[in-house]
Amino acid sequence: MKKVLKRSLLALLLLAVTVLAGGSFYMLDFALLPGEMHGRDVQGSYNTVLEENPELRPWLDSLMQHRALHDTTVLMRPGERHHALYARAPRPTGRVAVLVHGYKDSAVGMLHIAHIYALMGYNVLLPDLHAHGRSEGKAVEMGWNERHDVLRWLAVADSLFADSTGTTRQVVHGISMGAATVMDVSGEAVPPYVKCYVEDCGYTSVWDEFSHQLHDMFGLPEFPLLYTTSALCKARYGWSFGQASPLRQVSRCHRPMLFIHGDADTYVPYAMLRRLYDAKPQPKQLWTGRGSAHARSYQDHRSEYSAVVAGFVGRYIKP
């Protein structure tokens, strides 16, 4: 009887381990492998951004007509080329906006934000993050390792757009995962030409966001699947979900940051905004998109969003 019980318990344990291991591999691939992401469909991305933001069409048509929307690629990591779009301001200036897109999106998906800065007379640079758009890469890294790539793009922007004094003055603006990336950047040793940041609906940490999604999409608790999947991510890609923490990074940032979040956001919960804002030392500013779902604050409040961004950035980057 004892032998049968031991064998049964061992069989159940092996089954549990097998199921947990399989679940961990599935969850990691589900979250981080690009798959059929819409950001890889460049023409589809242009169609989508124009459908959602028809006011962009005259500006974008003009850029295309005058061949003023350029492509550039750089060797970002060993054997890996990354792509970006950029457009110069109508008049020479050292003011620059580097714009960082969200999860499984692309540079094209940030053209509505680029339009805000173009109207302000800024040069704009829009990178495709690792494994997004036309940039190479095997797996999404949720903004964590991409922070080093964005630092490289800031240097590229500095060389592209330096004014007659040989300098630039830059704002870094991101949405969703792009906002998390911007916050991750802000906690690093950043060059002095970066003057301020705008983060729109970023998450506190990859752990917190995946925990929320695990419960919301699958009805599952953190333990044990999130722990084993994070450990698998560490073994496969060299980083863990808890390590990737915009919350910790913003606590190290002493340059100005504007926080934006829709109060109807259930994808990256609105409650994350307060934790991020409280962790960030001054100077800082907060603006809420009333009634806005995830990454929809601009579409729901175009004029106010643009005015808030222009007012904030204008305090730290002078004409």
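Here are some questions and answers on a surface patch and the salt bridges of this predicted model.

Q: Which helices each supply at least two residues of the nonpolar patch?
A: The patch covers about 470 Å² and is made by Tyr 26, Phe 30, Met 217, Phe 218 and Leu 220. Helix 1 spans 2–32 and helix 7 spans 206–218. Each of these supplies at least two patch residues, so the names to note are helix 1 and helix 7.

Q: Where does Leu 220 lie, and is this residue buried, partly exposed or exposed?
A: Leu 220 is one of the residues making the nonpolar patch. Its place in the chain is the loop between helix 7 and helix 8 (225–237). Buried would need under 20% relative accessible area and exposed over 50%. Because Leu 220 sits at 35% relative accessibility, the label is partly exposed.

Q: How many residues apart are Glu 52 and Arg 296?
A: These two form a salt bridge, with the closest N and O atoms 3.5 Å apart. Glu 52 belongs to helix 2 (residues 42–52), while Arg 296 is in the loop between strand 8 (284–289) and helix 11 (297–300). That makes it a link between distant parts of the chain, with a separation of 244 residues.

Q: Are Glu 52 and Arg 296 buried, partly exposed or exposed?
A: Glu 52 has 35% relative accessibility, so it counts as partly exposed. For Arg 296 the relative accessible area is 30%, which means this residue, too, is partly exposed.

Q: Which residue forms a salt bridge with Glu 55, and how far apart in sequence are the parts that the pair ties together?
A: The partner is Arg 302, with the closest N and O atoms 2.9 Å apart. Glu 55 lies in the loop between helix 2 and helix 3 (57–65), and Arg 302 lies in helix 12 (residues 302–316), so the pair ties together parts separated in sequence by 247 residues.

Q: What is the distance between the closest N and O atoms of Arg 169 and Asp 163?
A: Asp 163 counts as partly exposed, because its relative accessibility is 22%. A salt bridge needs the nitrogen within 4 Å of the carboxyl oxygen. Arg 169 and Asp 163 form one, and their closest N and O atoms are apart by 3.6 Å.

Q: Which residues are linked in a network of salt bridges?
A: Side chains of opposite charge can pair when their charged atoms come close. The structure holds twelve salt bridges. The residues linked in a network are Arg 77, Glu 80, Glu 141 and Asp 149.

How values were computed
Residues are numbered from 1 along each chain as its sequence is written. This is a predicted model: local features need pLDDT of at least 70, side-chain atom pairs count only at pLDDT 80 or more; totals for chains, interfaces and linings use all residues. Side-chain values use heavy atoms; hydrogens and water are left out. Patches are made of residues with over 30% relative accessible area and no salt bridge: like charges are joined within 9 Å, nonpolar side chains (Val, Leu, Ile, Met, Phe, Trp, Tyr) within 5 Å. Accessible areas come from the Shrake-Rupley method with a 1.4 Å probe; for residues, only the protein chains shown count as cover. A salt bridge is a side-chain nitrogen of Lys or Arg within 4 Å of a carboxyl oxygen of Asp or Glu. Helices (H or I, at least four residues) and strands (E, at least two) are DSSP runs, numbered from the N terminus. Buried means under 20% relative accessible area, exposed over 50%, partly exposed in between (1.4 Å probe, protein chains only).
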